[in-house]
Amino acid sequence: MFEESIARYLKTHGHTHISLKTVLFDMDGVLFDSMPYHADAWHKVMESHGLHLSREEAYMHEGRTGAATINLVYQRQYGRDATPELIESIYAEKSAEFNKHPEPGRMPGSLEVLQKIKAGGLTPVLVTGSGQYSLLDRLAHNFPGMFQRGHMVTAFDVKYGKPNPEPYLMGLEKAGVKASEAIVVENAPIGVQAGVAAGIFTVAVNTGPLDGQVLLDAGADLLFPSMQAFCDNWETFHRELVRLH
């Protein structure tokens, strides 16, 4: 299964092999089981402003910057852009609503796979659309020693959020590697699109309520049903990458 996916990627992108040095991780829904809280916060705050965004739809927009999500819904309803002041206000409210929830736990399998990746001499890089300091602070606490500050791309670093490839291209740049020297781990359709658009082998982990086909349709090279499944299969997958070198 892995061999086919890797061979298909290599053929599509004209690479002879993937010389893996870096693994680019999304955060919400990949490292933290935080998406149900985000979906709930988005729904409540948007509705309080007369903007309609269901909890289910929030999963489809996962990975966009907060500003882009707000503007997209506002444009859809009113046919014009939201003001910067309104966007800032709604996002602050959404962050406050999110923080009312208990601290999200680590996604099962996430720490273990990071430990395997680090032990193998690979560099983990964070690429998130989040601009919430609370979650970024929790990284150091939940994943001690895994991510260096210089190897993080957040909403503060990019002009264009996912599905634009800019966040993942910046992740490559920060790690000092090429697209053929990295893989992306994502759980959202928009994030998958961004990884694929950046020319990187993109692994999707289906940790939310979406049909797995949605992630494959977004272009994922490989699909796992959970982070735990990705962790359990890491050695086999990595062996195939090295074998096809």
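Which residues touch the most other members of the largest nonpolar core?

Analyst: This is a predicted model, in which local features need pLDDT of at least 70, side-chain atom pairs count only at pLDDT 80 or more, and totals for chains, interfaces and linings use all residues. Residues are numbered from 1 along each chain as its sequence is written, and side-chain values use heavy atoms, with hydrogens and water left out.

The largest nonpolar core has 39 residues, and those touching the most other members are Phe25, Leu31, Phe230, Trp234 and Phe237. A nonpolar core here is a set of buried Ala, Val, Leu, Ile, Met, Phe, Trp, Tyr and Cys residues joined through side-chain atoms within 4.5 Å. Buried means under 20% relative accessible area and exposed over 50%, with partly exposed in between (1.4 Å probe, protein chains only).

Leaving aside residues up to four places away in sequence, Trp234 touches Leu20, Val23, Val113, Lys116, Ile117, Leu122 and Ile183; contact means heavy atoms within 4.5 Å. A second, separate core of 17 residues includes Ile70, Val73, Tyr74 and Ala82.

Trp234 also belongs to helix 12 (residues 234-243), whose buried residues are Trp234, Phe237, Glu240 and Leu241. These four lie on the same side of helix 12, because they cover an arc of only 135 degrees around the axis. The arc is that of the directions from the helix axis to the C-beta atoms, and helices are DSSP runs (H or I, at least four residues), numbered from the N terminus. Exposed Arg239 and Val242 are carried on the face of helix 12 turned away from its buried side.

How values were computed. Helices (H or I, at least four residues) and strands (E, at least two) are DSSP runs, numbered from the N terminus.
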